[in-house]
Amino acid sequence: MQFYSLNRQSPAVSFKEATILGQAPDKGLYFPETIPAVDADLLHNIENISNEEIAYRVIHPYTGNEIPEAVLEQIVSETVNFPLPLVPVTDTISSLELFHGPTLAFKDVGARFMSRCLGYFSKDRSEKITVLVATSGDTGGAVASGFYDVEGVEVVILYPSGKVSSVQEKQLTTQGKNIRALEVEGSFDDCQQMVKQAFTDEELRKKLFLTSANSINVARWLPQQFYYFLAYKQWKEKNNPPVISVPSGNFGNICAGILAHISGLPVTHFIAACNANAVVPHFMQTQEYVPQKAVATISNAMDVGNPSNFVRILEMFHHEFPALKEKFSSVSITDEETKQTMKRVKEQHNYLPDPHGAVGFLALERHLQNHPGEKGIFLETAHPVKFYDVVEPVIGETIPLPDSVRSIMDKEKKATQIEATYESLKTFLQQR
Ligand SMILES: *Cc1c(COP(=O)(O)O)cnc(C)c1O
């Protein structure tokens, strides 16, 4: 499969090149030249097909002959090797729990797939690849875990000091080996700015082969389709396809769901559930796309003021607004509503969503109130314990730590503190 740049000023490239480059030289996002249709048998028989095989059949058209069959089988089986259960919460609403992976957030799926692809592609390269990534919290841990000990790949993660949760910090600073954490005396925006500057520094790039592992990389985006198919496998009422509500920040996750739908997955409607960062809800009302500076909320992984992946959604609908509007809506939920939802769902349904999942739940519940007879799924994108500092005061209880978290909380944090200047990042990268 070839991938073209949505800015259309760079040549089309293979899956391998798109994975290694991350972003096109013209700064556009890569997009597949055709969207493959899944075969009818996959959907008809889905209950009888293993998760590994579903994943393989969904991704194979994109990787083509660039990854040998046996290697791709291995990669997908390591990508979906944890439970992805669909759990009923009310009569009409189910939770797709995406937090059973090593770092308790859905980003594990994309990070595990991408790291293994990059590891495979770097085998025949003499030069090491350096993955440089800025995180506001969840990406760092997922990337650290996914790339741990992958040969030929060094990872440098920048995170804002004091602005990630304690679980998130441990997840990205305790791995060691090929994973380095930089604790930046600044904000997430500073971290992202420093990373961006590194990518445009020709002098540095002559010495280091740099790539990014953020959600615009096709090898992180495309495998996120897997769990939409796995949700459908567990969906009982096949004649009544679900409404799917996705807590959205950079819009990579929902964009993968829409791609799965265009490939044939039955879905009635998609809801992009946002927090106060409401650029897309505003666009859906006015057809004007106005990027904003991100504001801080309690669902911090969705604090994005200019969602990168939204252009991919527009591309999938051929930039036709009426078609988009029919399949897709987007709403903004306040922090106060998020807290009330966590508390209410816990009390009424004995189910505790994390702050991101709660945004998805409420958006879905409101939609279903206006569409009687429909049923739906919200994506529970992280385990509530990752945000215990926010969740515990709301429910007035402590959340027990899962074993995987308890073991890392005892590990020693290893991070290099640097100032929020590009010079300090460059010095660090050149000294290694
Ligand atoms: C990253 C993240 C999101 C937002 O996902 P996008 O693909 O950026 O829209 C939502 N919830 C959690 C817990 C996340 O970590």
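R125 lies over the face of F209, 4.2 Å from the ring centre. K238 takes up such a position over Y232, at 4.9 Å from the ring centre. A charge counts as over a ring if NZ of Lys or CZ of Arg is within 6 Å of the ring centre and within 35 degrees of the ring normal. The model is predicted, so local features need pLDDT of at least 70 and side-chain atom pairs pLDDT 80 or more, while totals for chains, interfaces and linings use all residues. Residues are numbered from 1 along each chain as its sequence is written, and side-chain values use heavy atoms, without hydrogens and water.

**Aromatic pairs**

- The whole structure holds 14 aromatic pairs (Phe, Tyr or six-membered Trp rings with centres within 6.5 Å; planes under 30 degrees apart are stacked, over 60 edge-to-face, the rest tilted).
- Y289 and F310 are stacked, because their ring centres are 5.9 Å apart and their planes stand at 10°.
- Y289 sits in the loop between α13 (279-286) and α14 (310-316), and F310 in helix α14, so the pair ties together parts 21 residues apart in sequence. Helices (H or I, at least four residues) and strands (E, at least two) are DSSP runs, numbered from the N terminus.
- Y289 is partly exposed at 31% relative accessibility, whereas F310 is buried at 1%. Buried means under 20% relative accessible area, exposed over 50%, and partly exposed in between (1.4 Å probe, protein chains only).
- F361 and F378 pair edge-to-face, with 5.5 Å centre to centre and 85° between the planes.
- That pair links distant parts of the chain, 17 residues apart: F361 is in helix α17 (residues 355-370) and F378 in strand β13 (residues 376-380).
- F361 is buried, at 0% relative accessible area. F378 is buried too, at 0% relative accessibility.
- Ring pairs join F251, F283, Y289, F310, F321 and F328 into a cluster.

**Nonpolar cores**

- The largest nonpolar core has 95 residues (buried Ala, Val, Leu, Ile, Met, Phe, Trp, Tyr and Cys joined through side-chain atoms within 4.5 Å). The members touching the most others are F15, F113, F147, Y228, F229, I313 and F328.
- Helix α11 (residues 226-234) gives the most to this core: seven residues.
- Beyond neighbours within four places in sequence, F328 is in contact (heavy atoms within 4.5 Å) with F251, I254, I258, H269, F270, A272, V280, M284, F310 and I313.
- Another core lies apart, with 19 residues, among them L182, M194, L210 and I418.
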